[in-house]
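Thanks for passing this one along. Below are a few friendly notes to read beside the model.

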Amino acid sequence: MNNYKITLLKGDGIGPEIVNQAVKVLDKAAEKFGFEVTYDEALLGGCAIDATGVPLPEETIAKCKASDSVMLGAVGGPKWDNQPGNNRPEAGLLGIRGALGLFANLRPSVIFGPLKSASPIKDEIIGDNMDILIVRELTGGIYFGERGRKEVGGQPAAWDTEQYTVPEIERIARVAFDMAMRRNKRVTSVDKANVLESSRLWRETVIRVSKDYPEVELNHMYVDNCAMQLVRNPKQFDVIVTSNIFGDILSDEASMIAGSIGMLASASLSGGKLGLYEPIHGSAPDIAGQDIANPLATILSVAMMLRYSLGEAEAADAIESAVARVLETSRTPDIYEEGMKKVGCEEMGDLVCAQL
Ligand code: NAD
């Protein structure tokens, strides 16, 4: 029987509550689909600052590296707002992504049928099965390029650099094509090749990588057009691959199409088996400890972990179907609609387990 070692970084605020529900669902999936899971906990964020003085202790990095995958809740909160920038809880988050070499960020934007009305986009535009996967390059581009201040024509000015190497583009393109092969075999590469030289290299490289995936249909789109097409006709997309800065903006846009922040999962991958899985929302200090947080984004992150890191696709599908069935009758307060049963975080976890 396969045994997977998972490191839990529960973090701060609602982190522990939502991760506990995800663990419950993972245990249930293990029992049903015949695998075992061993957990180890480590400190990240504010709780790590309280216990050790730093947001990312060395022990946490070592534990994560020794595991098959990492499950993260969320970090941060007002208690640590006065820490210096490099010792804030969020610095731990950037640090762990760097330490684990997580260069690919995957954000699905999926609408569960019963939640259609939560989307700001009209029903007829979304259709019945909007399912987009945004693959964003996470460790290169303008966020990591050289920058500085200077004087131009006697006036103060500032500059940042967008730079990508061919190997950086190749590896993110491969992630996108590999994902498309498991999905609807379509990749849209998003760039600004009409203006930017770095985008022209991006496009050439993606085209070259595409030759290794003859079954996948590739098209290219300028980022300004993509921003428009996401709200005009989101159904046209399967996998979108793009640079760090364009992905940052487009993935937030795409996530709003799906409605509530409490529903959105994400994965960050290193190219190997190890990945870090987390909801996209923060630690929601305003509702922490009240048993009202929505644990579904974290539970859906578990499904991504099973699919992308552990090779348990059947269990992943089952969790996603269970979530869809539960949403037909029961909701946490953030996605509540009249006529539904209002449930708390813990009960939502129990209902997903029961449906599994
Ligand atoms: P947030 O995502 O924590 O909360 C925004 C709003 O959404 C709040 O009203 C919150 O109650 C609600 N919300 C979020 N998740 C929810 C859930 N699962 N169920 C129900 N409601 C939910 O963003 P914020 O308030 O800007 O940030 C709070 C803290 O989280 C800050 O310290 C911030 O730096 C940190 N943060 C962490 C991460 C991360 O760990 N990945 C991401 C974003 C923000």
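1. Helix α10 covers residues 296-308, and at 1.5 Å a residue its 13 residues should span 18 Å; the end C-alpha atoms are 18 Å apart, so the two agree. Here a helix is a DSSP run of H or I with at least four residues, numbered from the N terminus, and its expected span is 1.5 Å times one less than its number of residues. Because 13 of the 13 residues are buried, α10 is largely enclosed by the rest of the structure. Buried means under 20% relative accessible area (1.4 Å probe, protein chains only).

2. On provenance, this is a predicted model, in which local features need pLDDT of at least 70, side-chain atom pairs count only at pLDDT 80 or more, and totals for chains, interfaces and linings use all residues. Residues are numbered from 1 along each chain as its sequence is written, and side-chain values use heavy atoms, with hydrogens and water left out.

3. Now the ligand: a polar side-chain atom of Glu90 lies 2.3 Å from one of its oxygen atoms. Gly282 places a backbone N or O atom 2.7 Å from a ligand oxygen, and for a side-chain N or O atom of Asp286 the distance to a ligand oxygen is 2.9 Å. On its own the ligand has 810 Å² of accessible area, of which the protein covers 69% (Shrake-Rupley method, 1.4 Å probe).

4. Which cysteines are buried? Cys226 counts as buried at 0% relative accessibility, and Cys345 does at 1%. Cys345 is in no disulfide (a pair of cysteine sulfur atoms within 2.5 Å), as the nearest cysteine sulfur, that of Cys353, is 12 Å away.

How values were computed: Polar contact = N/O pair within 3.5 Å; in protein donor to acceptor, adjacent residues only side chain to side chain. Helix = DSSP H or I, 4+ residues; strand = E, 2+ residues; numbered from the N terminus. Buried < 20%, exposed > 50% of the residue type's maximum accessible area, 1.4 Å probe, protein only.
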